[in-house]
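Open the model in your viewer and keep the selection tool at hand. The stops below go one selection at a time.

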Amino acid sequence: MRAAVRQSAVMAFLFLSFAMWAEAQDVASFEKRVTVKQLKNGLTVLLMERPEAPVFSFHIMVDAGSVQDPKGGSGLAHMFEHMAFKGTQVIGTKDWAKEKVVLADLEKAYHAYDVEKRKLIGRDEKKVKELEAKWRALQDQAEEFVIQDEFSEIVENAGGVGLNASTGADETRYFYSLPANQTELWAYLESERFIRPIYRQFYKERDVVLEERRLRTDSSPIGRLIEQLGAAAFTAHPYQVSGVGWQSEISSVTATQADEFFKTYYRPSNMVLAVVGAIKAAEIIPLIERYFGRVPAGPKPPEINTIEPEQIGERSVVIREASQPWYIECYKRPGYNDPDDAVYDAISEILSSGRTSRMYRSLVRDKKIALTAAGQSGFPGTKYPNLFLFYAIPSQGKTPADVQAAIREEIEKLKNEDVSDDELNRIKTNAKADLLRGLADNQGLAIQLATAQVRYGDWREIFREVERIDKVSKADIRRVANKTFVPNKRTVGMIENVAPVAKGGK
């Protein structure tokens, strides 16, 4: 009885919270506080005044991620993200005039070494070693001019927190927060690194990225499985290649290629800047125009023209080794701008949202055949047609085949039975709660504003997304499940545990 009373109290609190949310967090109230400004060079700026605390957060979103990596240059988007923290002609160097000369010589030396090393016929191994030695010597010489991490230290000494960036399949993001009295320093720092990035320590940083790949992919059974699953699921689209890139390509990309990537995609017309916090639009707009207006203009890069061909048969990847078993199956689904995008979000919520979700209750709690189980929409990105994943880690003594059967049982229920009223109401309530949480802090709001502006050309889509989920019906869920979760759109990946091979192969 007490549990029922507590549950009723919780539900009453949630409904009251959402009533307050509807009044305070609707589009109309935000429109009074959000300013949109497009600079002459094409950069779109979103500003929201939130004077509650003397701080502000920003989010720069570049509409380019690992999908834009050139053929043979996987990992370049990620590499440039690393370079954006290496400073400028003023920051991070002891003597730019001298360092500039050495960096130019270094790039020429690397190119000569790379050309000789790549020769399939007539490669001179002695010459390769000599050219490599020259390149490495210049790398050591360039290192003498570096002031390590000066860019980051300037931000942190000014009170900055959360300094970071991320590269996804579809986009690259830069963000941190600062005290409100540091707006001019911020505008200078952020604009400067997108005006004249310096490829300082490029080859040293390339080794760092290679180490990241070794840790997250090569040395991780699930990392290897996910990479191979993507490669099997996509035959043409760049989603086929994991964001970190292939080892052979990471180890071969050059600073020259990174600069070409920057000049192609880091154009103001391909970027959105959102600033939220204790700012005044009338005061900060001139500051943004003065600094960010210096970023050279250019047309928005064309979208990729590769369309993944229709899948005509089930595909599979099986890894057999002495490690924790895993099971994943995924299905092709349309990109984020499909009319049914909200339905996929609803299905994901039904399957995976907490301990009351279908996958957890069935596979983990009731059948006890899995340690974890979920369904997730939008892998490895959402901009283009992507994958809806179902995955589970089998419990001790259970196999991928055991969880496969249970997962497919849950899929068939989605296809043949209506979801309950409680489930449908819960996903709609959760969507509003997720929005409320995302709007609660400056950084979360800056992320949502920038993302909606880049993806839809209108920040108001933050609210429309919730409205679309609110319109999802039981019939929609069955319809989308039936058209999506079919064998011809399926790719299966699993790790099967086998005894380790004894030394000597016996």
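**Charges over rings**

Select R193 and F85: the charged end of R193 sits over the ring of F85, 4.6 Å from its centre. A charge counts as over a ring if NZ of Lys or CZ of Arg is within 6 Å of the ring centre and within 35 degrees of the ring normal. This is a predicted model, where local features need pLDDT of at least 70 and side-chain atom pairs count only at pLDDT 80 or more, while totals for chains, interfaces and linings use all residues. Residues are numbered from 1 along each chain as its sequence is written, and side-chain values use heavy atoms, leaving out hydrogens and water.

F85 also belongs to an aromatic cluster with F80, F151, Y174, F194, Y199, F262 and Y266. Next, select R333, which lies over the face of Y344 at 4.2 Å from the ring centre.

**Aromatic pairs**

How many aromatic pairs does the structure hold? There are 31. Rings of Phe, Tyr and Trp (its six-membered ring) pair if their centres lie within 6.5 Å; planes under 30 degrees apart count as stacked, over 60 as edge-to-face and the rest as tilted. Select W186 and F292: their ring centres are 5.4 Å apart and their planes are at 45 degrees, so this pair is tilted.

Now select Y331 and F485, an edge-to-face pair with 5.2 Å centre to centre and 70 degrees between the planes. Y331 and F485 are both buried.

Conventions. Buried < 20%, exposed > 50% of the residue type's maximum accessible area, 1.4 Å probe, protein only.
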